[in-house]
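Subject: Structure handover

Hello,

Here is the structure for you to work with. My notes follow below it.

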Amino acid sequence: SPEELGFADPAAAAGAAGTGIGSVTISMSLASLLAEQRLTHAVAGALTAMATLLALTAGLLLTRRLSRSLESIAAAASVAQERERLADMKTRFVANASHEFRTPLAVILSATDLLAEYNARMTDADRRKRFDKIRRSVHQMTDLLEDVLTVGRADAGQTSCIRGPVDVAALCRDAVTDAGAKGAAVGRVCIDCDITEVLELDAKLLRQILRNLLGNALKYSPAGGDVRLVVR
């Protein structure tokens, strides 16, 4: 107030204030300043650590998501490739089967034409020869048809395994006999089977497996080479 400053007249006090009336000193404890500075640094460090942790977590999550996405893409590509491979195999199988059907049909047609045209002139041995060719060709066509049906059932998910008591040794001997009856395996297939007991198996599937294995062995072995069926 003007009185505290030693002026009785307010106007004089105002004039003195305009020219300067003294100084004010503001001081702060050094310890308080250092404490606030440490607190600021601690808060900044904590925020930096939190930001770094959040960045690392986000990076890890993105990496895992990317890895899963890549795995899903790779799995889908693998499935697509497998489907394409199976489709290609099926196409080639159908094409080969269609081609294979022509051979026994041609044999049957030729044999029947000869029987119809020259039956009266043929000997009994000649007739038996022609009938054997027809019989082998029919067996071949039946086997081919069974292969096509098997592929169709497998594609539709309808393949089943019906187990029953099977004499494995006898079934193998029958498979070898059937292979020999088709003309290409006479005296070429020997069997080595040490199974004497009756087993619970699907006889139909096992017979088809043996037929395919023996057929491929006879077809692709060197001419005149023997085929050995070993069963353990």
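Leaving aside neighbours within four places in sequence, Q208 touches E146, D147 and T150, where contact means heavy atoms within 4.5 Å. The model is predicted: local features need pLDDT of at least 70, side-chain atom pairs count only at pLDDT 80 or more, and totals for chains, interfaces and linings use all residues. Residues are numbered from 1 along each chain as its sequence is written, and side-chain values use heavy atoms, with hydrogens and water left out.

Q208 sits in helix α5. Helices (H or I, at least four residues) and strands (E, at least two) are DSSP runs, numbered from the N terminus. Q208 counts as buried because its relative accessible area is 9%. The classes are buried under 20% relative accessible area, exposed over 50%, and partly exposed in between (1.4 Å probe, protein chains only). The buried residues of α5 are L206, Q208, L210, R211, L214 and L218. An α-helix has 3.6 residues a turn, so residues three or four places apart point the same way.

Helix α5 covers residues 203–220, 18 residues in total. From first C-alpha to last it reaches 26 Å, close to the 26 Å expected at 1.5 Å a residue. The expected span is 1.5 Å times one less than the number of residues. At the N-terminal end, D202 caps α5: a side-chain oxygen lies 3.0 Å from the backbone nitrogen of K204.

**The chain as a whole**

The protein chain has five helices and four strands. Along the sequence they run α-α-α-β-α-β-β-α-β. Of the 232 residues, 18% are buried. Take contacts between residues at least 6 apart in sequence: 76% of them join residues at least 24 apart. The chain exposes about 17100 Å², with 61% of it from carbon and sulfur atoms. Accessible areas come from the Shrake-Rupley method with a 1.4 Å probe; for residues, only the protein chains shown count as cover.

L39, V43, L47 and M50 make a nonpolar surface patch of about 410 Å². Patches are made of residues with over 30% relative accessible area and no salt bridge; like charges are joined within 9 Å, nonpolar side chains (Val, Leu, Ile, Met, Phe, Trp, Tyr) within 5 Å. L39 belongs to helix α2 (residues 30–118). It is exposed, at 56% relative accessibility.

P165 lies in strand β1 (residues 164–167). It is exposed too, at 65% relative accessibility. Beyond four places in sequence, P165 is in contact with V198, L199 and E200. P165 and E197 are 32 residues apart in sequence, and their C-alpha atoms are 9.7 Å apart.

**Salt bridges**

How many salt bridges are there? The count is six, taking a side-chain nitrogen of Lys or Arg within 4 Å of a carboxyl oxygen of Asp or Glu.

D192, D194, R228 and R232 are linked in a network of them. D192 pairs with R228 at 3.0 Å, N to O. That pair joins strand β2 (residues 189–193) to strand β4 (residues 227–231), 36 residues apart. D192 is partly exposed at 23%, and R228 is exposed at 56%.

R232 also meets D192, at 3.0 Å, N to O. Here the segment after β4 is linked to strand β2, 40 residues apart. R232 is exposed, with a relative accessible area of 59%. R232 forms a salt bridge with D194 as well, the closest N and O atoms being 3.7 Å apart.

Best wishes

Technical notes: Polar contact = N/O pair within 3.5 Å; in protein donor to acceptor, adjacent residues only side chain to side chain.
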